[in-house]
Amino acid sequence: VTVNGIATHTSNSVTHLEYNHPVTESGLVRVVVSANNGTSTEEEKFDYFVRSPTLNQSRPPGIRDGINYHADQTKATLGLWAPGKTSVYVLGDFNNWELSNAYQMKKDGEHFWLELNGLTSGQEYAFRYLVNETLMIADPYADKILDPADQYIPSAIYPNLKTYPAKSLTNMDYFNRVSVLQTGQQAYNWKVTNFEKPEKENMVIYELLVRDFFASEHRNYQSLIDTIGYFKRLGVNAIELMPIMEFNGNESWGYNPTFMFAPDKAYGTKNKLKEFIDVCHQNGIAVILDIAMNHQDTPNPYVMMDFDFTPGVFKPTAANRWFNINATHPYSVFFDLNHESSYTKAYLDTVNHYWLNEYKVDGFRFDLSKGFTQNVKCGGSTSDEGCI
């Protein structure tokens with residue numbers, strides 16, 4: 001028996017071995033058990049990890065939850081809001097997806113953070129978090145999420161899409177989402193920065209699902225850009241996109257959102273989405289986002305932050321700060337947000353701010369807004385028509 005390359009136990013003329021090893025190591029430990037019958041050798045290997053106590057240290061000024069970029073493009077700082085948790089590690093392309101004490105996040109109250117160094121500007125790095133030793137989640141604020149279904153997205157829709165990292169794959173689908181960070185990104189150069197929205201009373205709104213508007217090989221933002229003339233001839237002055245935030249699978253109406261800051265890759269790149277919005281503004285057309293804030297689906301990280309994965313249960317626990325165990329109204333789907341929670345309010349305020357400022361959208365259509373309460377009253381009916 002060797003532990004980290006050091007022989008710790010040897011037995012001769014045996015076919016059965018029992019050995020109790022006193023654990024004094026820290027970090028990642030590799031155990032190799034080998035047997036030789038005089039002519040050949042067989043080996044079995046396994047690893048275990050001994051985590052260090054989490055270091056309590058205040059976040060540097062300006063560091064927020066999510067991916068923080070710096071003027072120095074060789075580094076980025078990650079932040080994760082994880083109330084009630086004691087341990088978070090970062091695993092990714094930059095550490096070969098292996099646990100390491102060097103990638104254990106520091107703790108600042110309910111927030112964890114870690115500065116990554118030695119990054120290559122312009123290179124995409126996939127990563128995720130291991131929370132309290134058992135929960136694997138992507139960054140809830142990442143603007144790009146990879147999942148195994150990406151292999152079915154045509155290159156004409158999303159050119160040069162980063163391949164899902166095989167080393168991150170698990171046998172639990174809801175753990176198989178990873179975030180992407182990239183320093184030194186080329187920012188989109190907006191042509192219109194002072195768009196004047198049409199008055200609400202004068203809006204002619206075209207509601208549009210990218211998936212159904214085009215044939216399968218043309219379901220992307222470039223096709224929408226090429227179709228602006230059609231909308232103008234119709235007299236449309238506002239386009240409402242059905243939800244385009246990251247959803248499960250590649251074909252959906254979008255009302256099963258999982259990551260609210262990442263445009264789903266099934267319709268193209270984030271800069272193509274910005275270009276579409278910019279072209280709309282150049283042509284006097286506002287852009288409205290249909291957005292689902294009544295509920296979220298797994299693997300949304302805040303859904304899973306406190307979640308009972310037991311088959312037949314599979315729902316948030318009472319410890320979850322963002323989500324109800326059960327919906328407070330009869331017409332909810334997926335997992336119901338608690339809109340009276342300060343955690344939910346902060347999360348959704350950030351979502352709204354992000355799309356208004358990063359993508360310059362002109363407004364929202366809030367889906368299932370009657371669910372934005374903990375105090376639904378139903379007049380003897382189980383349908384939404386009987387509830388307020």
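This is a predicted model: local features need pLDDT of at least 70, side-chain atom pairs count only at pLDDT 80 or more; totals for chains, interfaces and linings use all residues.
**View 1. The largest pocket and its surroundings.**
Let us begin with open space: the largest pocket has a volume of about 1200 Å³. Its lining is made up of 39 residues. If you want to find the centre, look for Tyr 69, Asp 143, Lys 270, Tyr 354 and Glu 358, which lie nearest to it. Several elements give two or more residues to this lining: the strands β5 (66-69), β13 (178-182) and β17 (257-263), together with the helices α4 (270-282) and α6 (342-358). Which element gives the largest share of the lining? That is α6, with five residues. Sorted by class, the lining of the largest pocket has 14 nonpolar, 16 polar and nine charged residues.

**View 2. The second largest pocket.**
Here the volume is about 410 Å³. You can count 14 residues around this second largest pocket, and those nearest its centre are Ser 11, Val 14, Leu 17, Ser 34 and Ala 35. Strand β3 (residues 27-36) gives the most to the lining, namely four residues. In terms of class, the lining of the second largest pocket divides into five nonpolar residues, eight polar ones and one charged one.

Strands of a sheet pair through backbone hydrogen bonds, either parallel or antiparallel. In this view, four strands form an open sheet in the order β14-β15-β18-β23, and their pairing is parallel. The edges are β14 (205-208) and β23 (363-367), each of which pairs on one side only. On average, neighbouring strands of this sheet are turned by 25 degrees against each other, direction ignored. As a landmark, Ile 239 has Val 287 in β18 as its bridge partner. Helix α4 packs on the sheet and touches β15 and β18, with its direction at about 135 degrees to that of β18. Helix α6 also packs on the sheet, touching β18 and β23, and its direction makes about 145 degrees with that of β23.

**View 3. Strand β10, covered on both faces.**
How many of the eight residues of strand β10 (residues 124-131) are buried? Eight of the eight are, so this strand is largely enclosed by the rest of the structure.

**View 4. The partners of strand β10.**
Strand β7 (residues 88-92) runs antiparallel to β10, and five bridges join the two. To spot this pairing, find Gly 92, which stands opposite Phe 127 in β10. β10 also pairs with β13 in the antiparallel sense, over four bridges. Here Ala 126 stands opposite Val 180 in β13. The next partner to look for is strand β11 (residues 135-137), which runs antiparallel to β10 and is joined to it by three bridges. In this pairing, Val 131 stands opposite Leu 135 in β11. The hairpin of β10 and β11 has three residues between the strands, and Asn 132 takes a positive phi near 50 degrees there.

How values were computed:
Residues are numbered from 1 along each chain as its sequence is written. Side-chain values use heavy atoms; hydrogens and water are left out. On a 1 Å grid over the protein atoms alone, a cavity is a set of points where a 1.4 Å probe fits but cannot get out, and a pocket is an open set with protein on both sides within 12 Å along at least five of seven lines; lining residues have an atom within 4 Å of a point. Grid points are joined across faces, edges and corners, and a volume is the space filled by probe spheres set on the points. Ala, Val, Leu, Ile, Met, Phe, Trp, Tyr, Cys and Pro count as nonpolar, Asp, Glu, Lys and Arg as charged, and the others, Gly among them, as polar. Two strands pair if DSSP finds at least two bridges between them. Axes are lines fitted to C-alpha atoms, for helices over the stretch in contact, and angles run from 0 to 180 degrees between N-to-C directions. Contact means heavy atoms within 4.5 Å. Buried means under 20% relative accessible area, exposed over 50%, partly exposed in between (1.4 Å probe, protein chains only).
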